[in-house]
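Open the model in your viewer and keep the selection tool at hand. The stops below are meant to be followed in order.

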Amino acid sequence: MAEAVLIGEQIEDDEVQEILKTGTDLRQYAAQIEKEFKEVENRSIDDYIKESQNIADLHNQIGSTSSILERMESMLMDIQGALNNISTEITSLQKKSVSMSVQLTNRQSIRAQISQFVEDMAVPEEMIACIMDSPVTEKEFVTHLNELNHKLNLMKELNFRESKSSQDVSDVLQKLKIKAMTKLRLYLMEQIFKFRKPMANYQIPQNAMLKYKFFFEFILSNERAVAQEICNEYVDTMGKIYYSYFKSYSTRLAALKFEEAVSKDDLMGLEDSAPKSIFSKTSSLKNKSTVFSIGDRGEVLNQQLEAPIIVPHAQQKSRYPYEALFRSEQYALVDNACREYLFVTEFFILRGQQAQDLFNQIMGKTTALLVKNLEVYVQDCYDTIALFLCIQLCLRYQLMCHKRCVPALDKYWDNLQAVIWPRFEQVFRMNIQSILDCDPTKFPKETGPHYITRRYAEFSAAIVGISENFPNELVSHLLLELQEEVKCFMLRMAAIFTSRKEQLIYLINNYDLVLGVLMERTRDNSKEAEAFRELLSTRSAEYVEEILAPHLGGIVQYVKDCEQMRDKEQTEELKRQERRSLQLVANFSANWKKSLEELNREVFLSFPSLVTGSQLLQLALAQLVQYYHKFYKLLTPNARAQLVNIHVIMIEIKKYKSNY
């Protein structure tokens, strides 16, 4: 609009400027313009007059339309009011629906609880009849007993809340409880009394009690005094049964022990002067196997560990070492104690220290008896191997109990070991002391293996082999002490021989014996085997030098002297040794075959072990060849020409190779 005005003003300005330029009279121009406005106005009036009817009709129509719109507005307002009323009614209905739904849920919940409560409180005639008349082993009785237990627990809760509803059935439930308790107590007591019958297999009534273990749970829940009475009766009965059984079994087992036991006269270092007779008793540990060798006794830790126990009346003519009887007794205890502990925890519903205490009440007297019997045996025992085997049996059976989830015997195993270990160490040290105290001059002057050495070898191999699975620091320390004393004893024994060669033969024979036994019975890399392997190697090398000296001494000395001169660069002195070397060459060429024969004969006569003799001979021949090579290199061409060819010597040496 503003732009139109501006344009109009612009046009008028242009016209005014045009008029001013043409010199037109403005008054005339204004009069003309006014005239034109009049004409336009008149024409407009005529147009309005012509259209007056239409304008009137339009006015009437607009008025009519306005009236219609007013009526429509009124109708719409009425509809809006009606819709507002409907929304309010819907909201009200929704609230009523939610309220009714909550009421329904509450009524259903209350109905279920009331129904369950009524069912729990009601005492059916069928239950009364079954509890009163049916045997306790009937399936229906057990079912109704569970229901009765539930009702009694509910009654306790209601009485605690001082509920009046419980008064209606309290009397009936109490009478049923008394009746059920009477029948259950009678049944459990009957099962316990079955244990007391002679030759009774108590596992049968135990299994029957476990089948109905809920009976004791019911009694424990409703009458602790009766439960305690049953528990006490069971403990008293089983305690006496186990004690009687193991007392009798231990006594009968003791009769199967070897009649001649190891005594203080059988220590390792004592002189072997016991007379041997074809009329000596065969039921002796000494005659069955030596005191210091393990033989088959170690099987109690392996195949025999879980073997059936010894039945005394079936083995009256057999005799056993103590560890076999100890194994049978302890394995019997393990089986019975593990079964008893598992029964106690399951039937009497006990765990932890409570289960341990009840188990101790049942088995305590029996375990004390077994510990006492062991103390009696140990105080006069000199059989170190038997003591050590018993210690190992304790360790293995304790591990077996843990695998069966039975820790109840841990204290018992500790008590057994506390009895055995001090005696084991004492007897072990007595054997060490016996070797320290022995006088080498009292023994025969023989270069073969000494019987004390054999005793040590067998004993050391036995102890090392037994302790492989359960190593012990004390045992290792004692073995080391014993080893040092035996080595000192060997040196003292060797000193009684005048010649060094005899001393070396004695030492090699004894070292070889010990090493052979240790390698056969234990691992090759044991500390004991390594120690004697090193000693044997050192003495063997020294022995080889000793036996080569009579046959090759001149050559050996020549080699050592010349090598020393060569190292000091004494060339002139080396040249002056040719005469000496020619004499050595002549002697060797004349006697080398005879020397080989004498070496072979001497070695095999000195060593009872063909394997050891063969090894020493091969070592000596190898050393001979080595010296021969060195001697050959130091000779002048003239002397070499007179020396026996090395290939001829090697062919001859091959004749002395053995298949050992």
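Start by selecting Leu76, Ile79, Leu83, Ile86 and Ile90, which form a nonpolar patch on the surface with about 480 Å² of accessible area together. Patches are made of residues with over 30% relative accessible area and no salt bridge; like charges are joined within 9 Å, and nonpolar side chains (Val, Leu, Ile, Met, Phe, Trp, Tyr) within 5 Å. Accessible areas come from the Shrake-Rupley method with a 1.4 Å probe, and for residues only the protein chains shown count as cover. Leu76 lies in helix H3 (residues 52-121). Helices (H or I, at least four residues) and strands (E, at least two) are DSSP runs, numbered from the N terminus. Leu76 is exposed because its relative accessible area is 54%; exposed means over 50%, buried under 20%, and partly exposed in between (1.4 Å probe, protein chains only).

Before moving on, note what kind of model this is. It is a predicted model, in which local features need pLDDT of at least 70 and side-chain atom pairs count only at pLDDT 80 or more, while totals for chains, interfaces and linings use all residues. Residues are numbered from 1 along each chain as its sequence is written, and side-chain values use heavy atoms, with hydrogens and water left out.

**A charged patch**

Next, select Glu126, Glu138, Glu140 and Glu147, which form a negative surface patch. Lys and Arg count as positive and Asp and Glu as negative, while His and the chain ends are not counted. The place of a charge is taken as NZ of Lys, CZ of Arg, CG of Asp or CD of Glu. Glu138 sits in the loop between helix H4 (125-133) and helix H5 (139-160). Its relative accessibility is 36%, so Glu138 counts as partly exposed.

**Aromatic pairs**

How many aromatic pairs does a search of the whole structure find? The search finds 34. Rings of Phe, Tyr and Trp (its six-membered ring) pair if their centres lie within 6.5 Å; planes under 30 degrees apart count as stacked, over 60 as edge-to-face and the rest as tilted.

Select Phe216 and Phe348, an edge-to-face pair with 5.0 Å centre to centre and 85° between the planes. Phe216 is in helix H8 (residues 213-222) and Phe348 is in the loop between helix H11 (322-347) and helix H12 (352-378), so the pair ties together parts that are 132 residues apart in sequence. Both Phe216 and Phe348 are buried.

Now go to Tyr456 and Phe532, a tilted pair with 5.9 Å centre to centre and 45° between the planes. Tyr456 is in helix H15 (residues 451-466) and Phe532 in helix H18 (residues 527-567), so placed that the pair links distant parts of the chain, 76 residues apart. Tyr456 is buried, with a relative accessible area of 0%, and Phe532 counts as buried at 0% relative accessibility.

To see a group of rings, select Phe195, Phe216, Tyr234, Phe343, Phe347 and Phe348, which form one aromatic cluster.

**Salt bridges**

A search of the whole structure finds 17 salt bridges. A salt bridge is a side-chain nitrogen of Lys or Arg within 4 Å of a carboxyl oxygen of Asp or Glu.

Select Asp383 and Arg297, whose side chains meet in a salt bridge (2.7 Å, N to O). Asp383 is in the loop between H12 and helix H13 (384-403), and Arg297 is in the loop between helix H10 (285-288) and H11, 86 residues apart. Both Asp383 and Arg297 are buried.

Move to Lys501 and Glu602, where the closest N and O atoms of a salt bridge are 2.4 Å apart. Lys501 lies in helix H17 (residues 500-521) and Glu602 in helix H20 (residues 578-606), so this pair ties together parts that are 101 residues apart in sequence.

Then pick Arg539 and Glu542, joined by a salt bridge (3.3 Å, N to O). Both lie in helix H18, three residues apart, about one turn of the helix. Arg539 counts as buried at 18% relative accessibility, whereas Glu542 is partly exposed at 26%.

**Two backbone stops**

Select Ile349, in the loop between H11 and H12. Its phi is near 55°, a positive value in a residue other than glycine. Finish at Cys405, in the loop between H13 and helix H14 (410-437). Phi of Cys405 is near 60°, also a positive value in a residue other than glycine.
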